[in-house]
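Subject: Structure handover

Dear colleague,

Here is the structure for your files. My notes on what was found in it follow below.

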Amino acid sequence: MRGWGCDEIVDHHGIEIVIVPGSELMTDHTKATSISLVIPSYNEGENLPETVPPAIAALASIGIAFEVLIIDDGSTDDTVEVVRSLSAKHPEVRGIRLRRNAGKAAALSVGFSQATGDVIVMMDADGQDEPTAIPALVATLESGYDLVTGRRADRNDRFIKRHTSKLYNATTSWISGVPGRDFNSGLKVMRRDVVENVDLYGELHRYLPVLAAWSGFRVTEVEVEHHTRLHGTTKYGIARFWRGIFDLVTVKFLTSYNRRPFHLFGGMGIISAIIGSGLLIWMFILHLAGTAVGTKPAVITGVLFEVVAVQLLSTGLVGELLVYLNRSRDGERSLPATQDITESLSDS
């Protein structure tokens, strides 16, 4: 199986990254010594007793230390009591409650910050993810990847949800340039380096593979079984699709222009300036020919395009200044994720 970061030399925003066949130069090839399972939960108290025990059994079968973190995202049902009961029966279970509903990305970020394992597993609490697939995903991770997504082969969801998801995944792959067919799967396994270098907010958790790949990590997908929801109803409606489109634009901007905002705003400003200049030159030629142009809409439109051009160019320059000041302040913290490849070579 090949990683998504193809074996080639990639010019990554001015940084030449050599991606070598195999995993020796891309990933710390050590075996996992501990695993943290992070389960975000919002009003899933009815599902947790049926979801958590099989997950614990799957983790135990791997044969290394593990923990299960249930992040209660401000639930209004009996989630707190259920988590306490599970923790009493299974000492590996820890519960963390958010005082208000902050969203899945925030819940995951809290879970990642509390996790102690060198491998992080994320899984939904609704019972649709197959916990017995976790060992296979971990094995794939250890074969030379940094993030493995459990691709839902046969989705057990409503017709509309299945097809909007296909459209979303195809659009995400096309715009981001990261091949994939199930970016939003709730079942993912990743190395600690990934969660330490990828910042999640809003609803960017669904773009975790894109953000990880952009940061230089090797990502892939493995087919897993998918089930119908055990109890209750989904917490997401059709509005989630439109929010996803806006988040995709955000991700595209973050991954393509976060270090060069003038390329985006400057480009749009130049286009606006060319259009405005063309209109004004046309009006000037008509004026020289004796035609009255004072009342023509093209004059106002041309001036408007020129004003917008100045605003866009100024915004781009301010953005470049902010990037420069941020890099000067943060120093090495603003640099991409790195790995000492000489250490990996000496171990091989």
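Leu147 has Met190 as its bridge partner in strand 8. Strand 8 (188–191) is joined to strand 7 by three bridges, and the two run antiparallel. Strands and helices here are DSSP runs, numbered from the N terminus, with at least two residues (E) for a strand and at least four (H or I) for a helix. Two strands count as paired if DSSP finds at least two bridges between them.

Please keep in mind that this is a predicted model, in which local features need pLDDT of at least 70 and side-chain atom pairs count only at pLDDT 80 or more, while totals for chains, interfaces and linings use all residues. Residues are numbered from 1 along each chain as its sequence is written, and side-chain values use heavy atoms, with hydrogens and water left out.

The sheet

Strand 8 also pairs with strand 6, in the antiparallel sense and over four bridges. Met122 has Lys188 as its bridge partner in strand 8. Lys188 and Met190 point one way from strand 8, Val189 and Arg191 point the other way, and all of them are buried. Buried means under 20% relative accessible area, exposed means over 50%, and partly exposed is in between (1.4 Å probe, protein chains only). In a regular strand the side chains alternate between the two faces of the sheet.

Where do these strands sit in the sheet order? The open sheet has seven strands in the order 5-4-3-6-8-7-9, with mixed pairing. Strand 5 (93–97) and strand 9 (219–224) are at the edges with a single partner strand each, so one side of each has no neighbour in the sheet. On average, neighbouring strands of this sheet are turned by 20° against each other, direction ignored. Angles run from 0 to 180 degrees between N-to-C directions, and axes are lines fitted to C-alpha atoms, for helices over the stretch in contact.

Helix 4 (residues 134–142) lies across strands 3, 6, 7, 8 and 9, and runs at about 35° to strand 8. Contact means heavy atoms within 4.5 Å.

Strands 3 and 4

Strand 3 (residues 34–41) and strand 4 (residues 65–72) run parallel and are joined by eight bridges. Ser41 is in strand 3, and its bridge partner in strand 4 is Asp72. Ser41 counts as buried, at 1% relative accessibility. Beyond its neighbours within four places in sequence, Ser41 has contacts that include Leu48, Ile70, Asp73, Thr79 and Ala125.

Salt bridges

The whole structure has seven salt bridges, each defined as a side-chain nitrogen of Lys or Arg within 4 Å of a carboxyl oxygen of Asp or Glu. Some of them are listed here.

- Arg94 and Glu67 meet at 3.2 Å, N to O. Arg94 is in strand 5 and Glu67 in strand 4, so the pair ties together parts 27 residues apart in sequence. Arg94 is partly exposed at 31% relative accessible area, and Glu67 is buried at 9%.
- Asp72 and Arg97 meet at 2.6 Å, N to O. The pair links strand 4, which holds Asp72, with strand 5, which holds Arg97, 25 residues apart. Asp72 is buried at 2% relative accessible area, and Arg97 is partly exposed at 43%.
- Arg151 and Glu223 have their closest N and O atoms 3.3 Å apart. Arg151 is in strand 7 and Glu223 in strand 9, so parts 72 residues apart in sequence are tied together. Arg151 is buried at 14% relative accessible area, and a salt-bridge network links Arg151, Glu221 and Glu223.

Arg152

Arg152 also belongs to strand 7 and is buried, with a relative accessible area of 12%. Not counting residues up to four places away in sequence, Arg152 touches Asp182, Asn184, Ser185, Val224 and His226.

The surface patch

Val318, Leu321, Leu322, Tyr324 and Leu325 make up a nonpolar surface patch with about 530 Å² of accessible area together. Patches are made of residues with over 30% relative accessible area and no salt bridge, where like charges are joined within 9 Å and nonpolar side chains (Val, Leu, Ile, Met, Phe, Trp, Tyr) within 5 Å. Accessible areas come from the Shrake-Rupley method with a 1.4 Å probe, and for residues only the protein chains shown count as cover. Val318 lies in helix 10 (residues 297–330) and is partly exposed, at 47% relative accessible area.

Regards
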